[in-house]
Amino acid sequence: MTRTFACFLLSISSIVLSQEARLVCPEISFLSMEDGANKIAGGEYDEFFAKLHLREAAAMTGVAPGEKTLQESRVFTRDFFRSAVLDFTEVERAALQVHLDRVIDQFGDIYPLLVHRPWRFLKSRKDLCGGFSFTRDDCIVLSEPTLSNFVKTMRTESMETKNGESLLLHEQMHVLQRARPELFKPLYEDVFHFMSGTVTVHPWIDERQVTNPDGMSDNWVAVTPGENGHTKWHWIGSVLLSDKTMHTMGRDFVGVAVPLQSVDAGYQMVVGSDGKPKFKLLNELSEFTSRLPIRVGWDHPNEVAAYLFTVITHARRDTKLNGRAADVMERAKEWFEKNLKPNSELDEDQRRITTDH
Ligand SMILES: [Zn+2]
C-alpha cells in the first residue's frame with residue numbers, strides 16, 4: 001500500500017522482441033461498479049479479510065469497532081470494501097490514458113514485462129483505506145482524490161505528472177509481484193538481504209499489524225550481520241501501536257523490527273519478560289535500512305522493490321548514497337533491466353500477456 005494517495009545494450013533477438021512489444025499496445029480497462037465490487041471483495045480475498053484485526057479494520061473503514069466482535073468486524077469491513085467501489089467518469093479514464101501513454105512511451109521498451117501487462121483499474125471512494133492506492137489481483141485501486149490529481153495533471157508536464165507516472169509504475173509492480181512471485185525472490189534475497197522462511201507472528205503483534213494487501217506474506221526475514229560472525233534475523237512490518245480506538249491510515253503506521261529466533265518450524269518472535277515481543281523502531285535497525293536507497297517502504301520486500309523501481313525510473317535520488325546503498329541501487333537497476341524485459345526464460349509469459357487480449 002503506498003503512501004501516495006500515493007541504455008541498455010540490445011542484442012539482435014531483443015531488438016526483434018522489443019519491436020514486437022512496441023507494436024502491441026497493452027490492454028487498458030476500467031472496472032464497472034459491479035465488477036469492481038466483486039473484484040475487491042471476492043472469494044479470492046478471503047485470506048485478506050480473515051487476517052484483519054479490530055484496529056486496522058477501523059483504520060481502513062474510518063468506523064470505530066464499537067461492540068462488534070472480531071468476526072462481525074471482518075464481515076463489516078468486507079461489505080464496506082464492496083460498497084466503496086464507484087464507476088469511472090469519462091475525464092478520469094482520459095486522464096489515466098494520457099499518463100499511461102507517457103509511461104508506455106518512456107518505459108515500454110526498457111521494462112516491457114511490466115509496462116505491457118494489461119492495466120486494469122478500479123475506482124474507490126475517498127474513505128476506503130484513507131484514499132490510499134493499492135492492488136487487488138491484477139487490478140489497481142485508485143481513490144477519487146487520486147483520480148482528481150490525475151485529471152489535474154493530464155495537460156501539464158510537472159513534478160505532479162511524474163508523481164502520477166511513479167504511482168502507476170509502483171502499483172503495476174505489485175500486480176507483477178503477485179503474478180510472478182518466484183521472479184522476484186532472487187532480488188529480495190541476493191540484493192535486498194531478505195530471506196524467505198516461515199515466521200510465527202506473535203498474537204500481540206498480529207493484533208496491531210497493518211495487513212498490506214500488496215505484501216500479505218509475513219514469511220520474509222530481514223538478515224543483518226551480528227557479532228562474532230553470527231547473523232541476526234528480524235521480522236519487519238507496520239503496526240498501530242497506541243491503544244486509542246481509532247487510528248489514521250498512514251499517519252499512525254509505525255515501522256517495527258522484531259528479533260527472531262530459529263525454531264524447528266522456522267522462526268518465532270523473541271519475547272521479553274513482560275510477555276510481549278521485543279521490538280525496535282524500524283529506522284533504528286540502521287544496519288538494514290541504511291543499505292536500502294529509499295526513505296519509505298522498508299517494511300516489506302514488495303514495497304522495497306516498488307519504491308526503489310520508481311526512484312530508478314524517475315531519478316529521485318535526492319541524497320548522497322553511502323557505499324552499500326549505492327551498490328544496492330546499481331544491482332537493483334541491473335536486475336530490473338535484465339528481468340523486466342523478454343528473454344528466453346520469460347518469452348512464454350510475455351507472449352501470453354500480449355496475446356491474452
Ligand atoms: Zn506499495
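What you're looking at is a predicted model, where local features need pLDDT of at least 70, side-chain atom pairs count only at pLDDT 80 or more, and totals for chains, interfaces and linings use all residues. Residue numbers start from 1 along each chain as its sequence is written.

The protein has 15 helices and twelve strands. Helices (H or I, at least four residues) and strands (E, at least two) are DSSP runs, numbered from the N terminus. Of the 357 residues, 39% count as buried. For that label, a residue needs 20 or more other C-beta atoms within 10 Å of its own; with 12 or fewer it is exposed, in between it is partly exposed, and the C-beta atoms are placed from the backbone.

- Let's start with strand β5 (residues 139-143): five of its five residues are buried, so the strand is largely enclosed by the rest of the structure.
- Both of its faces are covered, with C139, V141 and S143 buried on one side and I140 and L142 buried on the other.
- Two strands pair if DSSP finds at least two bridges between them.
- Strand β4 (residues 134-136) runs antiparallel to β5, and three bridges join the two.
- Here R136 is the residue opposite C139 in β5.
- β4 and β5 form a hairpin with two residues between the strands, and in it D137 takes a positive phi near 55°.

**Strand β11 and its partners**

- Over at β11 (residues 266-269), strand β7 (residues 199-200) pairs with it in the parallel sense over two bridges.
- One spot to look at is T200, which stands opposite Q268 in β11.
- Strand β10 (residues 254-263) and β11 run antiparallel, joined by four bridges.
- V263 has G266 in β11 as its bridge partner.
- The link from β10 to β11 is a hairpin through two residues.

- Helix α10 (residues 181-191) and helix α14 (residues 323-339) have axes that come within 11 Å and cross at roughly 165°. Axes are lines fitted to C-alpha atoms, for helices over the stretch in contact, and angles run from 0 to 180 degrees between N-to-C directions.
- By convention, a crossing is right-handed if the near helix is turned clockwise from the far one by less than a right angle, and left-handed if anticlockwise.
- L183, L187 and V191 in α10 meet V328, R331, A332, W335 and N339 in α14. Being in contact takes C-beta atoms, placed from the backbone, that lie within 7 Å.
- The residues of this α10 and α14 contact split into six nonpolar, one polar and one charged. Ala, Val, Leu, Ile, Met, Phe, Trp, Tyr, Cys and Pro count as nonpolar, Asp, Glu, Lys and Arg as charged, and the others, Gly among them, as polar.
- Helix α6 (residues 90-107) and helix α8 (residues 144-152) come within 8 Å, axis to axis, and cross at roughly 65°.
- The crossing of α6 with α8 is left-handed.
- On the α6 side you'll find V91, E92, A95, L96 and H99, which meet L147, F150 and V151 in α8.
- By class, the contact of α6 with α8 has six nonpolar residues, one polar and one charged.

**Single residues to look up**

- E303 sits in helix α13 (residues 301-313), and it counts as buried because it has 24 C-beta neighbours inside 10 Å.
- Leaving out residues up to four places away in sequence, E303 touches D214, G215 and G297.
- E303 and E171 are 132 residues apart in sequence but 9.7 Å apart in space, C-alpha to C-alpha.
- C129 isn't a glycine, yet it has a positive phi of about 50°.
- You'll find C129 in the loop between β3 and β4, and its 25 C-beta neighbours inside 10 Å make it count as buried.
- H193 isn't a glycine either, and has a positive phi of about 65°.
- H193 lies in the loop between α10 and β6 (194-196), and with 19 C-beta neighbours inside 10 Å it counts as partly exposed.

Terms used: Contact = placed C-beta atoms within 7 Å.
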